[in-house]
Amino acid sequence: IVISKGCRLCGFTRFEIVGEWDRHGDPFRTVACWRCGLVSHAQIPNADELRTFYEQEYRSAYNGEEVPSPKRIVREWDRARHRFESMRPYLRDGDRIFEIGAGAGCNLKQFQLAGYRVEGIEPGPGFSQFAREQLHCPVECKTLEQVGGTGEYDVALLIHVLEHLPEPRQAL
């Protein structure tokens, strides 16, 4: 199909339909850009709609929970450990790590335990609160638009995040 606005990442206008239904069986067209492969909704909500969705509805709709369950934490902890180990050879002592879409904080906590300075943001209040209160990890309940550009970091983590941003090129 052709979408006149083009891909939000590379601008190409041709897409392949990769899905017609969401995980609940409701109509929801998902497309992939022919040039860069970015997978996205065929119809992108506006910035206000996206902000409201990620702050109030996403975790419940996607994860089925507003606060992470023990099962989710165990699974994410293991994934985070593997991510950290794969990145470790590329890190320097003293690196500052910033995660956008930090979820419950498992990724950041792996870095923190290894001595790195970490900060993160997560728009879901239950997940960001869990990161702060249970993992003692500095994750603020914010969206990327609310952060501004004042921090200096050596590594930025965006794990399963880029496809959720309304303007990924601008965000990068």
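Helices (H or I, at least four residues) and strands (E, at least two) are DSSP runs, numbered from the N terminus, and pLDDT is the predictor's confidence in each residue, from 0 to 100. This is a predicted model, in which local features need pLDDT of at least 70 and side-chain atom pairs count only at pLDDT 80 or more, while totals for chains, interfaces and linings use all residues. Residues are numbered from 1 along each chain as its sequence is written, and side-chain values use heavy atoms, with hydrogens and water left out.

**Confidence**
- The mean pLDDT of the protein is 90, and 99% of the residues score at least 70.
- Among the elements, helix 2 (residues 58-63) has the lowest mean pLDDT, 80, whereas helix 4 (residues 106-113) has the highest, 98.

**Strand pairing**
- Strand 1 (residues 15-21) pairs with strand 2 (residues 27-33) in the antiparallel sense over five bridges, where pairing requires that DSSP finds at least two bridges between the strands.
- Within this pairing, glutamate 16 stands opposite alanine 32 in strand 2.
- The two strands form a hairpin with five residues between them, and glycine 25 in the turn has a positive phi of about 85 degrees.

**Cysteines**
- With a disulfide taken as a pair of cysteine sulfur atoms within 2.5 Å, the count is zero.
- The sulfur of cysteine 36 is too far for a bond, because the closest cysteine sulfur, in cysteine 7, lies 3.7 Å away; cysteine 36 is partly exposed at 36% relative accessibility (buried is under 20% relative accessible area, exposed over 50%, partly exposed in between, with a 1.4 Å probe and protein chains only).
- Cysteine 106 is buried, with a relative accessible area of 4%, and its sulfur is 8.8 Å from the closest cysteine sulfur, in cysteine 137, which is too far for a bond.
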